[in-house]
Amino acid sequence: QVQLVESGGGLAQPGGSLSLSCDASGFTFSNYAMSWARQAPGKGLEWVSGISKDGSETMYTHSVRGRFTISRDNAKNTVYLQMDNLKPEDTALYFCARVRPGGFYYNYEDRGPGTQVTVSA
């Protein structure tokens with residue numbers, strides 16, 4: 001049974017930082033690319049960042065490039081999202097997602113329940 005559990009969300013001030021983690025279980029983690037996505041209130045799901053199976057490739061949506069960093073530790077079955085220089089528009093429920101084999105980073109097979117990130121002064 002695939003399980004993805006996010007943690008690390010919370011309240012941050014504009015310009016601040018948060019670090020998200022996603023613990024994966026129930027599948028061979030190193031065989032899958034992983035992504036982070038988010039959903040702001042009243043909006044659809046937005047892909048944020050993706051990382052290849054071995055971590056050699058990372059990609060970001062334009063609005064977070066240079067501020068967010070995705071990484072993974074295959075020994076710990078964990079994917080991370082370091083978020084720096086946060087902006088109010090980053091406020092959303094953040095999900096980690098398992099990417100469908102052969103698909104693009106925004107083609108998700110499974111996702112976790114999410115962790116809330118709120119950026120406000």
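1. Setting aside neighbours within four places in sequence, Asn-85 contacts Gly-15, Gly-16, Ser-17 and Arg-67 (contact: heavy atoms within 4.5 Å). Asn-85 sits in the loop between β8 and β9 (92–99). Strands are DSSP runs (E, at least two residues), numbered from the N terminus. Asn-85 is partly exposed, at 42% relative accessibility. The cut-offs: buried is under 20% relative accessible area, exposed over 50%, partly exposed in between (1.4 Å probe, protein chains only).

2. Basis. This is a predicted model: local features need pLDDT of at least 70, side-chain atom pairs pLDDT 80 or more, while totals for chains, interfaces and linings use all residues. Residues are numbered from 1 along each chain as its sequence is written, and side-chain values use heavy atoms, without hydrogens or water.

3. Thr-78 lies in strand β8 (residues 78–83). Thr-78 is buried, at 4% relative accessible area. Its side chain makes a polar contact of 2.9 Å with the side chain of Asp-23. The Thr-78 side chain also reaches the backbone oxygen of Lys-76 at 2.9 Å. A polar contact is a pair of N or O atoms within 3.5 Å; within protein, one must be able to donate a hydrogen and the other to accept it, and residues adjacent in sequence count only if both atoms are side-chain atoms. Beyond four places in sequence, the contacts of Thr-78 include Cys-22, Phe-29 and Arg-72.

4. Cys-22 and Cys-96 form a disulfide, sulfurs 1.8 Å apart (cut-off: cysteine sulfur atoms within 2.5 Å). The pair joins strand β3 (residues 18–25) to strand β9, 74 residues apart. Cys-22 is buried at 0% relative accessibility; Cys-96 is buried at 0% too.

Note on methods: Helix = DSSP H or I, 4+ residues; strand = E, 2+ residues; numbered from the N terminus.
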